[in-house]
Amino acid sequence: MAEQSKKHSDQAWDSASVEVLSKAEKENIDTAFSRMETQKNQCKFGTTGVCCRICHMGPCRITKKSPRGVCGADADTIVARNYLREVVGGAAAHSDHARHLVLRLKKVAQGEGGGYEIRDEEALRRAAKSYEIEDENRSKEEVALDLAEKMLSEFTRQEETLETLKLAPLKQQSIWNTTEVAPLGIDRMVVESMHRTHMGVDHDYKNLLMQAFRTALADGWGGSRIASIVSDILFGTPSPVRSDANLGVLGEKSVNVVVHGHEPELSEMLAIAVRDPEVVAYAKSAGAEGVTLAGICCTANEILMRHGIPIAGSFLQQELALITGAVEMMVIDVQCCMPSLPEIAGAYHTEIVSTTHIAKTIGATQVDFNDRDALNSAKDIIKRAIDRYKQRDPNKVAIPSKKSPVVGGFSVEAIKYMLGGTFRKSFRPLNDALISGRIKGVVGIVGCNNPKTKIEEYINVLTARLIKENILVVKTGCAAVASAKEGMMKPETALEQAGEGFREVCEAVGIPPVLHMGSCVDNSRILEAATEIVLEGGLGDDISQVPAVGVAPEWMSEKAIAIGCYFVASGVDVILGQPFNITGSENVLNYLEQEVRPSFGASFHTIVDPEKAADKIVELLDQRRDALGINKRVERKLYDMKDRRELDV
Ligand code: NFS
Ligand code: SF4
C-alpha cells in the first residue's frame with residue numbers, strides 16, 4: 001500500500017491527483033498514467049524523428065546502416081518534414097477554433113446569433129480600429145459584419161500577407177519580411193506546408209524549418225490572435241475574478257457538470273444556464289443542493305477568465321475528475337479530450353456528452369446543440385445531467401478536499417487598467433519597473449502536462465524559483481491551471497514568496513506575481529503584452545529586445561510546438577522541458593537551437609531540469625538587459641536615499 005502511494009506521488013505533484021490515482025488503482029481503472037507504463041519503451045525512431053511514413057515505398061527508418069529512405073531522403077529531410085507537419089497540426093487546431101468563432105460573429109452581426117450577442121462593444125470597436133474598419137456613426141452590427149468579413153479573408157488570402165501581422169511592432173514586421181516568414185492566408189499556409197511535405201517536394205531542411213516558423217506565425221499572429229479578439233467581443237474581455245481550482249471544487253451534494261475542451265461557445269451558455277432559477281429548482285427537486293459547473297483544460301480557463309467558474313483540473317485530471325465518482329456529466333468538444341473518457345465514465349454513472357460533429361467519440365452521447373436557441377439547448381443539457389444525479393453511487397464517491405483560491409482574468413486590457421488606472425490605462429509602470437530592475441523580466445510559462453514525468457513538478461518548481469528572482473510570470477493553458485491549483489495565483493500567498501523588488505511592485509499595483517492570461521489560444525495575449533511593452537518605449541523596438549522568455553515545461557501537443565515556433569519567430573527565447581522529436585538530425589537540432597538566432601534574435605533551448613532552466617532564464621534575461629544598457633543594478637546592494645528615489649515607479 002505504501003509502495004502504491006509512493007508510486008502515485010511519483011506520478012503527480014498535487015495531492016488531489018495522487019489521492020484519485022490510488023482510487024483508480026483500487027478500482028482497476030486505467031488512466032493515462034497506467035497506460036504510460038505499458039507504453040514505456042517508446043519507439044526510438046519515432047522519438048528521434050527519423051521514421052518517415054509519407055509515401056508507400058516506406059515506411060522508412062534511418063539508421064547508421066541505412067542513412068537514406070527509399071527515395072533518398074536523409075535524416076535532415078525526414079526530421080524537418082515531420083516537424084513541419086506537427087506545426088501544421090497545431091496551427092490548424094488553433095485556427096479552426098478561430099474560424100468557428102468568426103463565423104459565429106458574422107451570424108450575430110447578421111441578426112442570426114441565436115442566444116449569442118456582442119457582449120463587449122468596446123472590444124469590437126477597438127478591434128475595428130486596429131483593422132482600419134470605419135466605426136464612426138455605424139451600428140455595432142455593421143462594424144461586426146465588416147470585421148468578420150475581414151477576419152474570414154485572413155484564412156483565404158492567397159497573395160498578401162496577413163492583416164493581423166500589423167498588430168505587431170513595426171520592426172517585428174520588417175524582421176518577418178526580411179526573413180521571408182511573413183505568412184499569407186492561414187489556410188494557404190496549412191495547405192502549402194502539407195504540399196511541401198508530400199513525397200518528393202521540399203527537401204532542404206532549412207527551407208522546411210523556415211516554413212514551420214511561417215506557418216506558426218499564421219497561428220500566433222493569425223488564428224490564435226483572431227480567436228482571442230473575437231472571444232472578447234462575443235463573451236467579454238476578461239478582468240480579474242476570484243475562484244477556486246482543483247478537484248475539490250466538485251460538490252458532494254450538488255450535480256457536477258464538467259466542461260472540457262476548447263471552444264468557448266457552448267461553455268459560455270452552460271455558465272449562464274446553471275444560474276437559471278428554473279435549472280436550480282430542477283436540481284433541488286432531484287434532491288441536490290444545486291449544480292456545480294467546473295472546467296478542465298482550456299475551456300476551464302475560458303470560463304474562469306470571464307465568469308469565475310471554478311477549475312476542476314488540467315489536462316491529466318480529465319480522467320481523474322470522473323474517477324471521483326461524483327461527476328454526472330462531462331461535456332467535451334475539441335482538442336485534448338481523451339478517447340478513454342466514455343470507458344471510465346462507464347464505471348460510474350457519468351455521461352460523456354459531445355456536442356460537435358467534428359469531434360465524435362465512441363461511447364459518448366452525441367447531443368445536437370441548437371445554436372439558434374443556444375440557451376435552451378444549454379439548459380436541456382444541464383437538466384439531462386440533473387436526471388443522472390439519482391444514479392450516483394455514494395459508495396463510489398471520493399472527492400479530494402483540496403482546492404486553492406485563484407485570481408484569473410488578466411487580459412492585456414485588465415493589466416493596463418491595473419497598472420495605470422481607468423484614465424491613464426498604460427504599461428508605463430511595468431516598463432519602468434523593468435528598466436529599474438525591480439522586475440528582471442517577464443516569463444511566459446505555457447502548455448500541457450505529460451505523464452512522461454511527474455506532472456506539474458517542473459511547472460511548480462520553476463514558477464516558485466522565478467518569482468523569487470523578481471521575474472513576473474504570465475501563464476496560459478494547463479500550465480496556468482497547475483499554478484492555480486498550487487495557490488500561486490492567489491496574491492497573498494504568492495506575494496510572500498516573491499523577491500523583494502518585485503513584491504513591492506505587485507503590492508503597489510495589486511496584482512499577483514503569477515498572472516493567469518487564459519487558454520492556449522490566449523498565448524496571443526502574451527504577444528499582445530510584449531507588443532505593448534515595446535510600444536510603451538524604453539525597452540527596444542522589437543520583441544527580441546524585451547527581457548522576456550517563454551517556457552513549455554511539460555508540453556505534449558502539436559499546438560504547443562506551433563506556439564513554441566511563433567514565440568521564437570516573434571523574438572522570444574523558448575525553453576522546452578523535454579525535447580522535440582528531432583534529435584535524429586543534428587542539423588535540425590542545431591538549426592532550431594542556434595542557427596535561427598541571427599534571424600529572430602531568439603531560439604529554442606532544451607533543459608529538462610527546472611532549476612537549470614531557471615538559471616538559463618536569468619542568463620537570457622540578463623543578456624537582454626545588458627544589450628539594452630539597463631542591467632546596472634543586478635547585484636543587490638544597500639540603497640541610499642538617492643537610489644530609492646530613482647527606483648520609484
Ligand atoms: Ni494547450 Fe489547452 Fe492543456 Fe496542452 Fe491541451 S488543454 S490548448 S494543448 S493540454 S495546455
Ligand atoms: Fe521513405 Fe522517402 Fe517515402 Fe519517406 S518519402 S517513406 S523516406 S521513400
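Predicted model: local features only at pLDDT ≥ 70, side-chain atom pairs only at ≥ 80, totals over all residues.
**Exercise 1.** Describe the span of α10 and find the residue on which its kink is centred.

*Solution.* Step 1: from the first C-alpha to the last, the 31 residues of α10 reach 42 Å. Step 2: at 1.5 Å a residue, 45 Å is expected, and the span is close to that. Step 3: the kink is centred on Arg-225 and amounts to about 35°.

**Exercise 2.** State what is found at the start of α10 and what follows the helix.

*Solution.* Step 1: at the start, a side-chain oxygen of Asp-204 comes within 2.9 Å of the backbone nitrogen of Lys-206. Step 2: Gly-236 follows α10 and has a positive phi, near 105°.

**Exercise 3.** Determine which parts the salt bridge between Glu-149 and Lys-106 ties together.

*Solution.* Step 1: the closest N and O atoms of this pair are 3.4 Å apart. Step 2: Glu-149 belongs to helix α7 and Lys-106 to helix α5, so the bridge ties together parts 43 residues apart in sequence.

**Exercise 4.** Classify Lys-129 and Asp-135, partners in a salt bridge, as buried or exposed.

*Solution.* Step 1: Lys-129 has 53% relative accessibility and is therefore exposed. Step 2: Asp-135 has 9%, so this residue is buried.

Terms used. Residues numbered from 1 in each chain as written. Chains lettered and ligands numbered in written order. Heavy atoms only, no water. Helix = DSSP H or I, 4+ residues; strand = E, 2+ residues; numbered from the N terminus. Expected span 1.5 Å × (residues − 1). Bend = angle between axes of the 7 residues up to and from the residue. Polar contact = N/O pair within 3.5 Å; in protein donor to acceptor, adjacent residues only side chain to side chain. Salt bridge = Lys/Arg side-chain N within 4 Å of Asp/Glu carboxyl O. Buried < 20%, exposed > 50% of the residue type's maximum accessible area, 1.4 Å probe, protein only.
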